[in-house]
Structure formats: C-alpha cells, structure tokens
Amino acid sequence: MIKRLPIFAVASLVMVVSACSPRQGAVADDPFERLNRSSHAFNKGLDRNILSPLSKTYTDVVPDPVEDSVSNFARNLSLPGKVVNNVLQLDLSSAARNTARFALNSTVGLAGLFDPSQKIGLVEKSTDFGETLQGWGVAEGAYLELPLFGPSNMRDGLARFVDMLFLDPAGQILKPPVSEYRSASTVGALLQTRQIYGAQIDEVLYGSADSYAQSRLVYLQSRRFELREIANDDYIDPYAEFE
Amino acid sequence: MIISTPMPNLNKTNLARRTILTGLVSCALAGPVFALDKRVATQLIDRLVGEINAAIDSGMSETKLIGRFERIFADYADVNIIARAALGPAARSAEPAELEAYVAAFRGYIARKYGKRFHEFVGGKIIVTGTNDRGKFFEVMAVTELRGSAPFDVSFRVSDRSGQNLFFDIIIEGISLLSSERVEIGALLDARKGNIATLTRDLADLG
C-alpha cells in the first residue's frame, strides 16, 4: 500500500504541472532554460572528465564478451519493471513477451549473463513509466535537463524517479551482494552505451555550436518518435515559411 | 469555315514544336518532370538511395566521398530551401547577394557534414520500405541495414514546390536534418552577432 499510493500522488502532480505548460510544436517549451543550461554545463563536464574517459578505458580493458554479459545482466534485471509498466498500459502481449524473456534469460541464460532470447527473436519491448503516463493522457510538459540523468521533460523526468523508487521489483527483492552486482553492472552498461553511441554523443556535445540546444532537440524529437507522439508541426515545412 | 481550315494545322505544328522544345529544355535542365505522386516520390528516393549505397560501398576515401555527396545533394535535395530554412527569420531580411553567397557556402558545408556521417555506414545499406502521402509532400520511409548494429528508421520528405521533385528533409529515428541545422546555423549566427557574411565565410571551414 505504501508503495502504491505515491505513484498516483506523483502522477497527479505530473498532470497538474503539464497542464500548466502546453506543448508548442517544433519550438521547445523551455521555461527553465537558465536552470537547464547550468545542469547541462555540469553534465557536459561530467562527461568530458569522467564518463567519456572511463568508458574508453572500460571498453579497452574489458573483453567484448564480458562487456556484453555485464550489460545483459543489468538489462535482464530491469525487465520486471518493464513488465509492470506493460501491465499498467494494458499491453499484455508485451508483458508476456518481456516475462518470457526474463524467464528464459534468467535460467538458460545463467542469471541473465547471456541473452538466448535474442537468438530466438524474443526481443525486448522497452518501456517506462513515462510511456505509461503518456497512455493515461499526460502531456510531456516543459523541457528539463536533469543533473546526472541528462535531457528529459516534466512527465518523463518525474516518471524516471517513479520507475526507480516504486516500479522496480528487482530492486525491492534483491539483497546484497546481488543488489551490489546489479548496481555495478548498471554502471558497466552505461559505460558500454557511451562507447557504442560515442560518435553521435561527441557530435552533439562537442561538435555543435550550442550543445544545449542541440541535445534538447535530439532528445525531444527522438523521444516523441519513440512514443509516437509526433505532432504535425513538430517538423519544419520550409516551403510554407517562404510562401 | 474556309479560313478556319488552315488554322488548326498551323496551331498543331506550333503546339508540337513547342512541346518538343519544352521537353528538350526541361530534360536538359531539370531531368525528370513527372508530376509528383507516390510512385514518382518512391522512384526518386530509390535512385537516391541507390547512389548513396553505391557511394558508401565504393571504398573511396572520405574526401572523394564528400565530393560525391555534394553532387548527390545537388541532384536530389532542395539545398536552396534547406539553407534558407536553416537560417530562419534572418533569411527574410538578408540582401539577395548575401543570401546567394550563404546558400553556396551551405552546399559545401552540408555535403561535408553528411558525407562524413554516411562514411560511418560503410558496409551497410539503406532500403526503401514505402511511401506516405502527407498532403503537401510525400514521405518515403526506409530502414538501414548495418553490420553489428540494430536497424534504424530513415525517412525522406519529398516535394515539388521548388518546381522540381526534390527532398527537403531527412529524418533519422525521428531527428530531422532540417530542425537540427536550424538549431546549428542559428547558434552559429548568434555567435557572430547575426552577421551573415561572417557566417558564410566561416562555413567554408565547418561541417
């Protein structure tokens, strides 16, 4: 009960907040730009000084199959939380798919170190509480860049904390040392992801004239694409502008 | 009746001559002049994708690839409108000569930038999957097939509003080239206090 109540408290808070800030098409709704820009400067420094070099060292030193197993382990333990969201979205076929994946990888895949599900085409249906809220009719609200977590928006930023605190069965069941292995593997997965998307991340952060504005655009457009909530005016009609 | 008999003949020859001439001129200038519909839009992007695939498959150096991309962009993209839209409101108040020089510099910049990006695709290819009629334009959908990486969605927005059938935006996993360039060019222009001439000069070293 204690765990269930806050979800709705947070959900209604998100709805109140997002009702105050209507979506404005291609132009980012960014009333917190000053604050966001300082988070961005902090995040960029963190990437430049810690994440990026550490990711390089990690992927250079650790053999690829080990890297993959570390990431598989982390990803597998995030599946129960995704199943919870699939159910909240009444998407039972994805819930079944993610459950089957979790069962197979946790057993045949040796506690999730390997990914036999992938080989039989049982791919993950990724989701989160932000998508659940979207399904419940919550608009994305103002743009946010969160310290440590990076680009987000009111809805998905709050949803992220709901996912971590309340919708993560593995986090509530696991005890040390397994919970510690999990935390370590999550860091490993992050370092591997930083390496895989290295060229794109570097381009946005270090190759653009205004990395804050560019990462805001990249986040908003790819998130809307992911959640299929693209409005007609999200993209520019260049001919209409010069008619 | 008597005078009207030779008239149609005269008109017919005139009309035929004009049709042939127009046909020749438009072939020479614009290439295909088919009215834009779903099929024509798909064929255009099929040819474009064929050229991109051939270019990334050719094993040519990055420098040569960029030159090839500049030609591909010139043939298939409405670089003129992309450049203007990227400049945003400043394009309205710019002097015509200033704008022309900027568009010319933008051509090289965009080819270098995306030529480099497509160079990362070496060993992969793009496959056209379908076309949607979106009212004022057609959206041709495609997916990439890359080694060691999950496929991703690419779409090309095609319009004939320039007088030719050309694409005006590429959207990769939801991220629009046009939107991204408007942010980039806008930031570059701001950093130069709105001076288009300085921006034009600096674009030569960017991308």
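Biologist: How many residues sit between E3(B) and E4(B) in their hairpin?
Modeller: Six, and Gly163(B) in the turn has a positive phi of about 100°. Strands here are DSSP E runs of at least two residues and helices are H or I runs of at least four, numbered from the N terminus. Bear in mind this is a predicted model: local features need pLDDT of at least 70 and side-chain atom pairs count only at pLDDT 80 or more, while totals for chains, interfaces and linings use all residues. Residues are numbered from 1 along each chain as its sequence is written, and chains are lettered from A in the order in which they are written.

Biologist: Which way do E3(B) and E4(B) run, and over how many bridges?
Modeller: Antiparallel, joined by six bridges. Strands count as paired if DSSP finds at least two bridges between them.

Biologist: And what about E2(B) with E3(B)?
Modeller: E2(B), residues 138-145, pairs with E3(B) in the antiparallel sense, over six bridges. Val154(B) of E3(B) has Ala142(B) opposite, and Val154(B) also stands opposite Ile172(B) in E4(B).

Biologist: Is E3(B) mostly covered or uncovered?
Modeller: Mostly covered: six of its seven residues, 153-159, are buried. Buried means 20 or more other C-beta atoms within 10 Å of the residue's own, exposed means 12 or fewer, and partly exposed is in between, with C-beta atoms placed from the backbone.

Biologist: Switching to helices, which residues of H3(B) are buried?
Modeller: Leu65(B), Ile66(B), Arg68(B), Phe69(B), Phe73(B) and Tyr76(B). Down the helix axis they fall within an arc of 165°, so they line one face of H3(B); that arc is taken from the directions from the axis to the C-beta atoms.

Biologist: What's on the face turned away from that buried side?
Modeller: Thr63(B), Arg71(B) and Ala74(B), which are exposed.

Biologist: And what covers the buried residues of H3(B)?
Modeller: The cover includes helices H2, H4 and H6 plus E4, from chain B.

Biologist: Okay, zooming out: how many helices and strands are in chain B?
Modeller: Eight helices and five strands. Of its 207 residues, 34% count as buried.

Biologist: How many residues of chain A are in contact with chain B?
Modeller: 20 of chain A, against 23 of chain B. Contact means C-beta atoms, placed from the backbone, within 7 Å.

Biologist: Which element gives the largest share of chain A's side?
Modeller: H11(A), with eight residues.

Conventions: Two residues are in contact if their C-beta atoms, placed from the backbone, lie within 7 Å.
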